[in-house]
Amino acid sequence: MSELLGADDTATQLAGTAFVHGDGVLQAAYTTGDFSSAVRLLDQVAHAADAMNHHPDVTVGYGSIGFTLSSHDAGGVTARDVELARRIQDLADVAGATKK
């Protein structure tokens, strides 16, 4: 089982990202130009998540996309979630998505 991380453990690693740590999950929301832009970002995240074998919960709307990360097998946030959060932020930056 992976070591659970608290907000103090992830603060430095998530600095500069849209992700916040709360109640055993990492969450971020982004604004995109339109629905298609949100879906394109989701496609990029899906490829990254598949490669990591770790998948976020996602909400998509017109011009917005949100991610919730948690290691369900561990019961909270682990290093896998932080790694995926940072990867999502990199992809969001390239896509021009901004913190909501």
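**Around helix H3**

The buried residues of helix H3 (79-95) are covered by, among others, helix H1 (7-14), strand E2 (25-31), H2 and E4, where cover is judged by contact, that is, heavy atoms within 4.5 Å. Helices (H or I, at least four residues) and strands (E, at least two) are DSSP runs, numbered from the N terminus. The model is a predicted one: local features need pLDDT of at least 70, side-chain atom pairs count only at pLDDT 80 or more, and totals for chains, interfaces and linings use all residues. Residue numbers run from 1 along each chain as its sequence is written, and side-chain values rest on heavy atoms, with hydrogens and water left out.

On H3 itself, the buried set is Asp-81, Val-82, Leu-84, Ala-85, Ile-88, Gln-89, Leu-91 and Ala-92. Buried here means under 20% relative accessible area, exposed means over 50%, and partly exposed is in between (1.4 Å probe, protein chains only). The helix length checks out: with 17 residues at 1.5 Å a residue, H3 should span 24 Å, and its end C-alpha atoms are 24 Å apart. The expected span is 1.5 Å times one less than the number of residues. Just past H3 comes Gly-96, with a positive phi of about 80 degrees.

Thr-78 counts as buried because its relative accessibility is 1%. Leaving aside residues up to four places away in sequence, Thr-78 touches Ser-2, Glu-3, Leu-4, Leu-5 and Ser-71. With Ser-71 there is also a side-chain polar contact of 2.7 Å (a pair of N or O atoms within 3.5 Å; within protein, one must be able to donate a hydrogen and the other to accept it, and residues adjacent in sequence count only if both atoms are side-chain atoms).

The structure has one salt bridge, defined as a side-chain nitrogen of Lys or Arg within 4 Å of a carboxyl oxygen of Asp or Glu. It pairs Arg-80 with Asp-73, with the closest N and O atoms 2.7 Å apart. Arg-80 is partly exposed at 28% relative accessibility, while Asp-73, at 57%, is exposed.

Elsewhere, Phe-35, Val-39, Val-58, Val-60 and Tyr-62 make up a nonpolar surface patch with about 450 Å² of accessible area together. Patch members have over 30% relative accessible area and no salt bridge; like charges are joined within 9 Å, nonpolar side chains (Val, Leu, Ile, Met, Phe, Trp, Tyr) within 5 Å. Areas come from the Shrake-Rupley method with a 1.4 Å probe; for residues, only the protein chains shown count as cover. Helix H2 (35-52) and strand E3 (57-61) each give the patch at least two residues. Tyr-62 lies in the loop between E3 and strand E4 (64-69) and is exposed, at 67% relative accessibility.
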